[in-house]
Each structure stands twice: as structure tokens, then as C-alpha cells.
Amino acid sequence: MSNMINLGISEDMVKPILEKQIQAAILANMGNPEELIRNVVSTALRQKVDKDGKVSSYSSDNRYDYLDVLVGKTIRKAAEDSLTEWLKENSQMVKALVIQEMNKPERQNSLVGAFAKSVEDSLKCSWRFNCDVRFDKIDD
């Protein structure tokens with residue numbers, strides 16, 4: 001005959017104790033948390049990605065370090081923003097220099113030639129319509 005004893009220990013009492021024990025065991029096995037985070041960050045930044053900074057399903061596309069792609073994108077964006085701002089500030093000077101260049105005699109000839117070629121190309125039709133009309137005798 002077996003005797004069962006119910007100690008009446010609530011799950012709410014045991015659960016926090018077990019969670020603390022599990023956390024302590026994990027922290028003890030992790031070692032230095034700062035070193036762990038440093039390694040995770042380093043690994044994430046060295047992740048091989050494609051040219052857009054995404055991990056491709058094709059391993060041959062993943063040729064770049066994520067950090068290199070991110071830095072390159074940031075530099076290109078900063079350069080684009082700087083150039084756009086500079087062009088806004090100096091648009092009158094750019095406009096004057098473009099007009100000056102277009103007024104040069106050798107440029108006039110190339111502009112007229114380019115315009116004529118564009119007109120000629122636009123008038124060419126690359127489609128041809130064929131229509132055959134036949135009258136066949138109907139046999140009764």
C-alpha cells in the first residue's frame with residue numbers, strides 16, 4: 001500500500017525560486033556579461049551580407065561585412081545631401097556656366113546635331129503592318 005503525502009506547496013511559491021536558480025546558473029555559465037555582449041556585437045557587425053546590407057539566401061551574394069555596407073551607405077547619403085545643398089546654394093552659378101558652355105560654337109554644333117538625330121530617330125517607325133487580302137472560291 002502506498003501512502004501519498006501532499007505538502008501543499010503552491011506553484012506560485014516555487015516558480016520564483018526556480019527562475020532565480022535558472023538565471024543564476026545561466027549567468028554562471030555565461031562568464032563576463034560585458035564580454036558576451038562585446039562578442040555578440042562584433043559578430044553582428046561582421047555578418048556577411050549582400051550589397052544592400054541584407055543577408056541573402058544565396059551565400060555567394062553575402063560578400064560584404066554589414067558594418068562596411070552600413071558605413072558606405074551613410075557616406076554616400078551624406079555626400080548626396082551635401083551636394084544637393086551645395087547645388088541649391090550655387091544654382092545661379094551652375095546655370096550661368098551651363099548657358100556659357102551651351103553658347104560655345106563647338107557646343108552649338110553638337111546640340112543641333114543631337115537635336116536633329118533625336119527628331120530623326122523619333123520619326124522612324126520600328127513597326128511594320130502587313131495586310132494580305134485573298135478571295136477564295138467557295139466550293140459547293
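Which residues does K73 touch, not counting residues up to four places away in sequence? K73 touches D52 and G53. Contact here means heavy atoms within 4.5 Å.

Some ground rules, quickly. This is a predicted model, where local features need pLDDT of at least 70 and side-chain atom pairs count only at pLDDT 80 or more, while totals for chains, interfaces and linings use all residues. Residues are numbered from 1 along each chain as its sequence is written, and side-chain values use heavy atoms, with hydrogens and water left out.

Back to K73. K73 sits in helix α3, residues 66–89. Helices are DSSP runs of H or I with at least four residues, strands are E runs of at least two, and both are numbered from the N terminus. K73 and G53 are 20 residues apart along the chain, and their C-alpha atoms are separated by 9.2 Å. K73 is partly exposed, at 39% relative accessible area. The cut-offs are these: buried is under 20%, exposed is over 50%, and partly exposed is in between, with a 1.4 Å probe and protein chains only.

Next, N62. Look at the loop between β1 (48–49) and β2 (64–65); N62 is there. Is N62 buried or exposed? N62 is buried, because its relative accessibility is 15%. Leave aside the neighbours within four places in sequence, and N62 contacts K48, V49, D50, K54, V55 and S56. With S56 there is also a polar contact: a polar side-chain atom of N62 lies 2.8 Å from the backbone nitrogen of S56. A polar contact is a pair of N or O atoms within 3.5 Å; within protein, one must be able to donate a hydrogen and the other to accept it, and residues adjacent in sequence count only if both atoms are side-chain atoms.

Now the strands on either side of that loop. K48 and D65 form a salt bridge through their side chains, 2.9 Å from N to O. D65 is in strand β2 and K48 is in strand β1, so this pair ties together parts that are 17 residues apart in sequence. Both ends are partly exposed: D65 has a relative accessible area of 22%, and K48 has 41%. The general point: side chains of opposite charge can pair when their charged atoms come close. For us, a salt bridge is a side-chain nitrogen of Lys or Arg within 4 Å of a carboxyl oxygen of Asp or Glu.

How many salt bridges does the structure hold? It holds 7. One of them joins D81 and K77, with the closest N and O atoms 3.0 Å apart. Both residues lie in helix α3, 4 residues apart, about one turn of the helix. D81 is partly exposed at 38%, and K77 is partly exposed at 45%. E101 and K104 make another, at 3.1 Å between the closest N and O atoms. Then there is a network: E34, E35 and R38 are joined by salt bridges that share partners.

On to the surface. A nonpolar patch is formed by I9, M13, V14, L18, I22, I26, L27, M30, L36 and V40, with about 910 Å² of accessible area together. Patches take residues with over 30% relative accessible area and no salt bridge, joining like charges within 9 Å and nonpolar side chains (Val, Leu, Ile, Met, Phe, Trp, Tyr) within 5 Å. Areas come from the Shrake-Rupley method with a 1.4 Å probe, and for residues only the protein chains shown count as cover.

Which helix gives the largest share of the patch? That is α1, with 7 residues. Helices α1 (11–30) and α2 (33–45) each supply at least two. V40 lies in α2 and is exposed, at 51%.

A check on α1. The expected span is 1.5 Å times one less than the number of residues. For the 20 residues of α1 that should be 28 Å, and the end C-alpha atoms are 28 Å apart, which agrees. Just after α1, G31 takes a positive phi of about 85 degrees.

Last stop, helix α5, residues 105–123, where we find S110. A polar side-chain atom of S110 lies 2.9 Å from the backbone oxygen of R107. S110 is partly exposed at 36%. Beyond the neighbours within four places in sequence, Q108 is in contact with M102 and N103.
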